[in-house]
Amino acid sequence: MARATAIMELAFLCLASGSQAEDGGSVFRFFDRFCLSRGPDYQRTVAIAETNRWLPLPTEMLVGLVPLANLEPVEGWAVSGNGLPQQMILEISKHTLNGKSVHACTMVAFGTDSIEFEKAFFQRTDGEAIQQVHSATHVHKLYDLELSGRSGLVTLTVPAESNGADNLMASSIAEAEWEN
């Protein structure tokens with residue numbers, strides 16, 4: 001978690017300097033659209049990124065954001081414009097977990113109201129908290145829920161104390177969908 005925190009801090013300095021705070025609800029809608037409502041989907045997300053010409057990020061930066069080991073491919077972008085909330089990072093990856101193919105989607109947002117983000121998360125989902133890990137600066141939360149008919153997990157890393165302009169990281173993890 002310390003590595004992801006350091007990467008978030010670096011990304012914040014590089015991407016979000018001078019930006020204004022974004023409401024957590026609009027940031028959650030972005031996370032919901034790309035990572036939650038249909039579950040993470042590697043091919044779909046890569047196609048959307050290419051269509052929208054999002055700025056690709058180096059693999060070295062993305063590895064610290066990936067929520068699972070056994071990484072296969074990983075792609076990520078700095079996302080902004082076209083009515084999206086302020087600039088964010090979106091990462092999508094494939095993994096093998098217990099012999100099954102899973103996809104993971106991670107969003108990093110800067111200057112966001114993390115309390116509003118969590119409220120929107122609970123209005124949209126019935127996520128059941130299964131773990132919370134507290135550090136001096138952050139709380140890492142793990143939820144079990146169904147993602148588009150698939151069993152999945154969501155992780156949220158939020159500040160220990162929100163100031164309304166927080167950096168947060170949210171990930172969804174679910175078994176890969178099989179195309180017919």
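Let me start with one side chain: Phe-31 has a relative accessibility of 0%, so Phe-31 counts as buried. Before I go on, please keep in mind that this is a predicted model.

Where is Phe-31, and what is three residues away from it in the helix? Phe-31 lies in helix 2, which covers residues 24-36, and three residues away in that helix is Phe-28. That spacing is about one turn of the helix. Phe-28 has 4% relative accessibility and therefore counts as buried too, since the cut-off for buried is under 20%.

Now the two rings. A pair of aromatic rings is described by the distance of the centres and the angle of the planes. The count of aromatic pairs in this model comes to 10. Phe-28 and Phe-31 form one of them, with 6.4 Å from centre to centre and 55 degrees between the planes. That pair is classed as tilted. Which residues do ring pairs link into a cluster? The cluster holds Phe-28, Phe-31, Phe-117, Phe-121, Phe-122 and Tyr-143.

Helix 2 has another phenylalanine to mention, Phe-30. Phe-30 has a relative accessible area of 3%, so Phe-30 is buried. Along the sequence, Phe-30 and Leu-90 are 60 residues apart, while in space their C-alpha atoms are 9.8 Å apart.

Let me step back to the whole protein. The secondary structure comes to five helices and eight strands. In sequence order, the pattern reads α-α-α-β-α-β-β-β-α-β-β-β-β. The protein has 180 residues, and 51% of them count as buried.

Next, the charged side chains. Side chains of opposite charge can pair when their charged atoms come close. How many salt bridges does a search of the whole structure find? The search finds three.

Arg-124 is at 39%, which means it counts as partly exposed.

Another salt bridge is between Glu-116 and Lys-119, at 3.5 Å from N to O. Both residues lie in helix 5, three residues apart, which is about one turn of the helix. Glu-116 has a relative accessible area of 34%, so Glu-116 is partly exposed. Lys-119 is at 46% and therefore counts as partly exposed as well.

The remaining case is Glu-118 with Lys-141, whose side chains meet at 2.8 Å, N to O. This pair links distant parts of the chain: Glu-118 is in helix 5, Lys-141 is in strand 6 (residues 138-147), and they are 23 residues apart. Glu-118 has 12% relative accessibility and so counts as buried. Lys-141 also counts as buried, because its relative accessibility is 12%.

Staying with charge, we move to the surface. Which residues gather in a patch of negative charge there? They are Asp-126, Glu-128, Asp-144 and Glu-146. Asp-126 is in the loop between helix 5 (114-124) and strand 5 (128-134). The relative accessible area of Asp-126 is 64%, so Asp-126 is exposed, the cut-off for exposed being over 50%.

Two arginines are left. Arg-53 is found in the loop between helix 3 (42-52) and strand 1 (55-56). Arg-53 has a positive phi of about 55 degrees although it is not a glycine. With a relative accessible area of 75%, Arg-53 is exposed.

Arg-150 is found in strand 7, residues 150-159. Arg-150 has 10% relative accessibility, so Arg-150 counts as buried. Which residue is 111 residues from Arg-150 along the chain, with its C-alpha atom 7.8 Å away? That residue is Gly-39.

To close, here is what to look for in the structure above. Find the cluster that includes Phe-28, Phe-31 and Tyr-143. Then find the three salt bridges. Last, find the patch of negative charge on the surface that includes Asp-126.

Key
Residues are numbered from 1 along each chain as its sequence is written. This is a predicted model: local features need pLDDT of at least 70, side-chain atom pairs count only at pLDDT 80 or more; totals for chains, interfaces and linings use all residues. Side-chain values use heavy atoms; hydrogens and water are left out. Patches are made of residues with over 30% relative accessible area and no salt bridge: like charges are joined within 9 Å, nonpolar side chains (Val, Leu, Ile, Met, Phe, Trp, Tyr) within 5 Å. Accessible areas come from the Shrake-Rupley method with a 1.4 Å probe; for residues, only the protein chains shown count as cover. A salt bridge is a side-chain nitrogen of Lys or Arg within 4 Å of a carboxyl oxygen of Asp or Glu. Lys and Arg count as positive and Asp and Glu as negative; His and the chain ends are not counted. The place of a charge is taken as NZ of Lys, CZ of Arg, CG of Asp or CD of Glu. Helices (H or I, at least four residues) and strands (E, at least two) are DSSP runs, numbered from the N terminus. Buried means under 20% relative accessible area, exposed over 50%, partly exposed in between (1.4 Å probe, protein chains only). Rings of Phe, Tyr and Trp (its six-membered ring) pair if their centres lie within 6.5 Å; planes under 30 degrees apart count as stacked, over 60 as edge-to-face and the rest as tilted.
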